[in-house]
Amino acid sequence: MPTLTLPISAGTLAPYTLKTPKAFPTAKPPFSRIAFAAAHVVADPLADHDPWLTPAVDWERTIAFRKHLWSLGFGVAEAMDTAQRGMGLDWKDALELVRRSLDAAKDVPGAVVASGAGTDHLAPGPDVTIDTVIRAYEEQIEAIEKLGGRIILMASRALAAAARSPDDYARVYGRILGGVKQPVVLHWLGEMFDPALAGYWGNADHMRAMDTCLDVIKANAAKVDGIKISLLDKDKEITMRRKLPQGVRMYTGDDFNYAELIAGDAQGYSDALLGIFDAIAPAASAALGALTRGDEKTFHEIFAPTVPLSRHIFKAPTRFYKTGVVFMAYLNGHQDHFVMVGGQQSTRSALHLAELFRLADAAGLLSDPERAAARMKAVLAAQGIAA
């Protein structure tokens with residue numbers, strides 16, 4: 001196994017020898033849990049553009065990664081936060097991404113895609129009203145439904161800025177849910193992922209906000225397939241899960257506690273819609289296959305070493321987790337460079353990436369150690385660190 005020199009603390013380097021990667025058996029759906037992986041986009045490093053201002057996507061590699069996820073049994077949650085929606089990827093390119101994914105899915109038996117509809121083409125401001133927010137949501141929903149897409153209803157920065165009370169949320173969601181063609185997945189994205197969404201549902205207290213959200217769901221249950229909550233708090237998720245109307249699913253968005261929440265308890269379980277599944281897809285597929293066979297012991301054994309990796313990737317500032325997800329794709333050969341739309345590869349330090357590398361290796365997730373070591377060395381060298 002290769003050995004390289006990695007940062008271990010500020011100003012300190014130490015040798016590290018990689019372990020033998022694990023061979024994860026590929027499981028095929030149907031799983032006993034619905035499992036969506038929120039997928040990243042691959043940037044085009046050769047595009048002639050201003051990286052901070054205009055996105056440039058390598059469409060071929062981006063779609064190839066979706067085919068990889070489908071081959072492991074996952075549905076793809078498209079054009080979501082993991083795809084840098086609102087952090088490098090604009091609505092125009094998000095819609096193109098949705099179109100290309102839906103087209104590619106037609107050639108893959110059993111492939112599932114659900115796509116994010118939001119209001120990110122509408123900049124928050126004093127002139128933005130609740131009616132403006134409704135029209136913005138309707139514009140994106142109409143565009144995705146026209147392509148035959150299924151909707152994940154994303155949280156809206158514009159709504160968070162414009163709303164003056166929980167009643168405004170009820171009005172917006174009631175109007176939108178009343179017009180969708182098929183049941184949607186709601187998404188409550190916490191402020192740890194996006195500070196602009198603080199106080200969503202009209203209250204800074206998550207438990208009081210939850211009551212408003214539950215009222216909206218109960219009033220529109222026929223149009224709600226489920227809700228993904230991303231609050232990184234398992235107790236809040238379990239509390240809400242137990243209060244959902246019959247037939248409405250909880251999709252865990254908790255990248256800290258997903259194994260426990262997916263396994264569930266005597267009163268129920270969470271399905272999954274997770275960004276970390278992009279980075280740990282082979283392990284997650286094998287774990288879900290074990291759970292489907294009734295082998296909960298193997299399920300937890302596979303997932304256990306992935307949790308420290310996920311908690312590191314999603315550590316505060318959590319909104320920068322996409323950098324770790326893309327770095328994993330680079331290390332494992334799903335793309336030939338560590339470049340992100342919006343230049344977001346710069347949001348994590350060399351020390352952070354080195355610890356990610358060690359944790360990924362400990363979880364058996366570096367599929368080709370020689371390649372991973374060479375690519376880690378290249379990233380460190382670009383920062384003046386001899387590995």
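Me: Which residues form one aromatic cluster?

Reply: This is a predicted model, in which local features need pLDDT of at least 70, side-chain atom pairs count only at pLDDT 80 or more, and totals for chains, interfaces and linings use all residues. Residues are numbered from 1 along each chain as its sequence is written, and side-chain values use heavy atoms, with hydrogens and water left out. Rings of Phe, Tyr and Trp (its six-membered ring) pair if their centres lie within 6.5 Å; planes under 30 degrees apart count as stacked, over 60 as edge-to-face and the rest as tilted. One aromatic cluster is formed by Tyr137, Tyr169, Tyr173, Trp188, Tyr200 and Trp201.

Me: Is phenylalanine 314 buried or exposed?

Reply: Buried means under 20% relative accessible area, exposed over 50%, and partly exposed in between (1.4 Å probe, protein chains only). The relative accessible area of phenylalanine 314 is 0%, so this residue is buried.

Me: What is the distance from the charged end of arginine 33 to the ring centre of tyrosine 269?

Reply: A charge sits over a ring if NZ of Lys or CZ of Arg is within 6 Å of the ring centre and within 35 degrees of the ring normal. The charged end of arginine 33 sits over the ring of tyrosine 269, and its distance from the ring centre is 3.6 Å.

Me: Is tyrosine 321 buried or exposed?

Reply: Tyrosine 321 has a relative accessible area of 3%. The residue is therefore buried.
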